[in-house]
Amino acid sequence: MRTVAEPGKQTDLIGLHVAELADGEQLDYASQDETCVVVLTGTVDAAAGGAPLGRAGGRASVFEGPGHAIYLAPDEPLRLTATGGPAELAIATAPLAGEPAAQSRVITPADQRTASPGSGNWARSVRTILGPEHEAGRLLLGETINPPGNWSSYPPHKHDTHRPPREVQLEEVYLFKVDPPEGFGVQVRYGDGDSWEETSIIRDGSSAAIRSGYHPVVAAPGYTLYYLWVMAGQGRQMIPFLDPRYAWVQQGR
C-alpha cells in the first residue's frame, strides 16, 4: 500500500493511500478514522465487521464513468477481496470532529451526484461521491474529469479560511490520472494578492496536498485529466471563495 498523504506530514487531517490487489488477493484494513475506499479499477467483494457489504467496482478505467466506493465507520474492520482480476483502490481517511459517523455501506454510481460545471474550455465533469448531502461525519470526496485542454477548479478558488457564509476552511488532497498515461497537466497555486505562487507538472499517478491558496488545474491538449479529490476541515459545507479578479468568467461582467 502506497501512502499519498499522511496527517502531520503533507496534511493536518486527511490520509490517502493507494492499494493494488491481484486477482483473489485480500486487503484487511481498519482505522480509528472515518474511511472511504474508492474502487479506481477492478472489482472487490467487501465485508465490514465480518458482515458482507456487497460487490463494488467493475470499471476498467476511471475515465469510463462513475465508479463504486465503500464507506467505513471508525474502528470497523474491513476486508476487501479482488475478484475477476486485479483492482486498484484509493483509501481516504479523516478523523471525526464531533459529528457521528455514518453506517458502513457500498456507494454506487446511482448514489452519487454528477454535474458538468463551467463552459467552453473550463467545462469539466464532476462526480461527487460524498457531498454535504450524503451521510458521513467529516469526509467530502469525489472525482473530476478535465477534457483535453480544459481547466477545472476554475475560476480559481480557495477554501483555507473559515469565514462562513463566504468561505469554509477545508484542506484537500488530489490524486491524478492521465489518459493516455504519457500525457500531463499543470497545476497552478498562489496566495492572496499573489503573495506566493508555484506551478507543478502533473503526471499519471501524481498527487497534491493543498492546505492553502487558489489551485486551478489544466489538462494538456490531447490528454484527458482525472483527479480524485478528498476534503476535510471545519464542517461539511463546500463554500469556496473565488478569486475576485477572475470570478467574472462564471458570474458575467
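This report walks through the aromatic ring pairs of a predicted model, and then turns to the charges that sit over rings.

Let us start with the ring pairs. A pair of aromatic rings is described by the distance of the centres and the angle of the planes. The count here comes to 7 aromatic pairs. One of them joins Tyr-174 and Tyr-227, a tilted pair with 4.3 Å from centre to centre and 40 degrees between the planes. This pair links distant parts of the chain, as Tyr-174 belongs to strand β16 (residues 170–179) and Tyr-227 to strand β21 (residues 224–233), 53 residues apart. Tyr-174 has 1% relative accessibility, so this residue counts as buried. Tyr-227 counts as buried too, because its relative accessibility is 3%.

Next come Tyr-190 and Tyr-214. Their ring centres are 5.0 Å apart and their planes stand at 25 degrees; planes under 30 degrees apart count as stacked, and therefore so does this pair. Here again distant parts of the chain are linked: Tyr-190 lies in strand β17 (residues 185–190), while Tyr-214 lies in the loop between β19 (207–210) and β20 (217–219), 24 residues apart. Both Tyr-190 and Tyr-214 are buried.

Which residues do ring pairs link into a cluster? They are Trp-122, Trp-151 and Tyr-154.

| Arginine | Ring | Distance to ring centre |
|---|---|---|
| Arg-105 | Tyr-71 | 4.9 Å |
| Arg-163 | Phe-241 | 4.4 Å |

For Arg-105, the charged end is the part placed over the ring of Tyr-71, and Arg-163 lies over the face of Phe-241.

How values were computed. Residues numbered from 1 in each chain as written. Predicted model: local features only at pLDDT ≥ 70, side-chain atom pairs only at ≥ 80, totals over all residues. Heavy atoms only, no water. Phe/Tyr/Trp six-rings, centres within 6.5 Å; stacked < 30°, edge-to-face > 60°. Helix = DSSP H or I, 4+ residues; strand = E, 2+ residues; numbered from the N terminus. Buried < 20%, exposed > 50% of the residue type's maximum accessible area, 1.4 Å probe, protein only. Lys NZ or Arg CZ within 6 Å of the ring centre and 35° of its normal.
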